[in-house]
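Me: Hi! Could you walk me through this structure in plain words?

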Amino acid sequence: MASARTGELDGYAVGAACRIDARAPGRTLAEIAVGLDPEGVAVDVARRRAYVACSREDRVAVVDLETSELIASVEVGAEPIDLVFDEASDRIFTADAHGDSLSVVDAAELRLVATVSVGMYPSGLCADFEARRIYSGNSMGSSMSVVDLDTLDTIATVEAEPGAGAIAIDPARGLVVCVNFIAASATFIDTQTWQAVGRVDVGSGACAAGVVSRRGEVFIVNSLAGTLSRVSLDTFELVDEVAVGRAPVGLTVAPSGDRLYVSNRGAGTVSVVGADDAAQWGQLTVGEGPGGVAVDPSNGLVLVANAGSGSVSVVEDLLAGAPPRPVEDEEHWLVGKPLPEFSLVDFHTGERRSSLEWAERRYLINFFASW
Amino acid sequence: MRRREEARSGLDVILIDIWEGSDPRPEVERFCELWGVESTILMDETAEYARSLGVRGVPTNILVDERGIVRAVGLVRLDDLDAAIDELSARA
C-alpha cells in the first residue's frame, strides 16, 4: 500500500518513483548475448562499453552500453576467466587460466598487444590503479603474481595457499587479500614487503572477495558453503558469516560503498548485501548461472555475466536501503507436485531414457554444467 | 557427494547436463574424467527440460520420492541436502 509520502511503499524507501516489489527489487534494462561462458566483466566508462571474458571461446566480447549490443570481440589466451580494464593505459587484461598467462589488449584498437606469463592457472585478477599494479591469483600454483601495469614486468611472486584465485585490495592499509579456493582460506599480503602477514580460515569454495575499506573489512564469497565471510582487515579474524543465495561465486562492492552485489550461480540471482549490517536486503533476478559482476560507476547500474545464458544482464538496483523486514526465500513451486516427465539422451549409451524408468524409486536429479 | 548419497541412502542419482553450448560431449567427457563420474548422465542440450522446471542456476538438486513427487528443490549446501535425504528416508 502506497503511503502519502512520495517515494515510499510498504515502508520501503525507494530509489525511483515507481512501485517496488519487495521480492523483485531490481529492473532488468537489457540482456545481451555475448558468447559461451562469460565470466569476468568490466566497464569502460569513457567509451560506454563493457568488456566480458568469454571463457569457452577464448575471447573478450565488447558491448556497447548505450545500444546494448555486442559490437566486437578480441581473441585472447586460453580460457580467460577474470578481466580488468585499466583506464590509464587504456588496456584490457584477462587472466587466461589454461594459458598460465595474462593477455593484454589495446582497448582503442581492440587487438592483443602482449602476453605476460604468470603462475599456473590464473583465475583471479585485481588492479591497484594508483600504485600501477595488477595482481593475479594462480590457482594451481598456489601463488599470487604482482605485475606492473605499465611495463608489464613481474614485480613479485608471492606464496599463498592451494587454489589461490580471487584477489581484493585495500591500498589504505597496504594489503592485498588472496582468497584460496581449495584451502578455504584467505592470505593477507603486505604490499611493501610482499610477505604474508596473516591468514584466516573461511568457508568452503572461497572464490571471490571485496574490500570495504572504511569499515576495515573484506567480504569473501564461499561458493560451496553458500555464505559470505566478513573478516577484519586489522585483526584478520572472522567477524561473521552471512547467508546469501545458492552457490554464490562473484562479488563486487558498489561505488557508493554501502552495499555489495553477490552473484548466485545456483539461483540466477544477485544478492544485495548491506556493507554495514551484512544482511541480505534482497535478490535481483538476472540471467542463468550468473558469475562475474561489476557496477557501472557512471550510473550505478549492475552488470552481470551469465554463464548459463551466455549473456550480460544490465540491472537497475531499486533498493534505496535495507528493507524493513528481511525477505524470506519462497519454496519452489515444484515442491509437492509430480515431477514433469523427461525423455533425454543418456551420455554414456546414446539411448533415450525416460523418467518412467525411475517410477517407484527415490532419486536425486543434479542439474550441472561442466564449467 | 554423489557416490556418498547413493551409498548412504539407496537413492538413485541422475546428473543432467545443461548450458554447455553447441558441442557438449567433449566437455562432459572431460568433466567425467576429471571427477571420476560414473553416475547416469542425461543430456538436456537445449536446457528445455531445465527451464520447464524453473531451473535458473547450477548446481540445482531436485529430490523426488517413490511416488514421483518433488520433495525439495535447490539443496546446494551439503547439510541441506543431507537433511532433505534424511527426511525422505524417514518417510519411507
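Reply: Happy to; here is a short tour by topic. This is a predicted model, in which local features need pLDDT of at least 70, side-chain atom pairs count only at pLDDT 80 or more, and totals for chains, interfaces and linings use all residues. Residues are numbered from 1 along each chain as its sequence is written, while chains are lettered from A and ligands numbered from 1 in the order in which they are written.

Me: How many helices and strands does chain B have?
Reply: Chain B has 4 helices and 4 strands. Helices (H or I, at least four residues) and strands (E, at least two) are DSSP runs, numbered from the N terminus. From the N terminus on, their order is α-β-α-β-α-β-β-α.

Me: Which strand of chain A pairs with β3(B)?
Reply: Strand β33 (residues 363-368) of chain A does, in the antiparallel sense over 5 bridges. Pairing here asks that DSSP finds at least two bridges between two strands. Across that pairing, A:Phe367 stands opposite B:Thr60.

Me: Switching topic: which residues have the most contacts inside the largest nonpolar core?
Reply: They are A:Val52, A:Ile167, A:Val177, A:Ile220 and A:Val312, in a core of 130 residues. Such a core is a set of buried Ala, Val, Leu, Ile, Met, Phe, Trp, Tyr and Cys residues joined through C-beta atoms within 7 Å. Buried means that 20 or more other C-beta atoms lie within 10 Å of a residue's own, with C-beta atoms placed from the backbone. Strand β20 (residues 206-212) of chain A brings the largest share of this core, 6 residues.

Me: What does A:Val177 touch?
Reply: Leaving aside neighbours within four places in sequence, its contacts include A:Ile167, A:Phe188 and A:Val211.

Me: Why is strand β22 of chain A called largely enclosed?
Reply: Because 5 of the 6 residues of β22(A) (residues 227-232) are buried. Strand β21 (residues 217-222) of chain A runs antiparallel to β22(A), joined by 6 bridges. In β22(A), A:Arg230 is the bridge partner of A:Phe219. Strand β23 (residues 238-243) of chain A also pairs with β22(A), antiparallel over 5 bridges.

Me: What's in the turn between β21(A) and β22(A)?
Reply: That hairpin has 4 residues between the strands, and A:Gly226 takes a positive phi near 70 degrees.

Notes
A residue is buried if 20 or more other C-beta atoms lie within 10 Å of its own, exposed if 12 or fewer, and partly exposed in between; C-beta atoms are placed from the backbone. Two residues are in contact if their C-beta atoms, placed from the backbone, lie within 7 Å.
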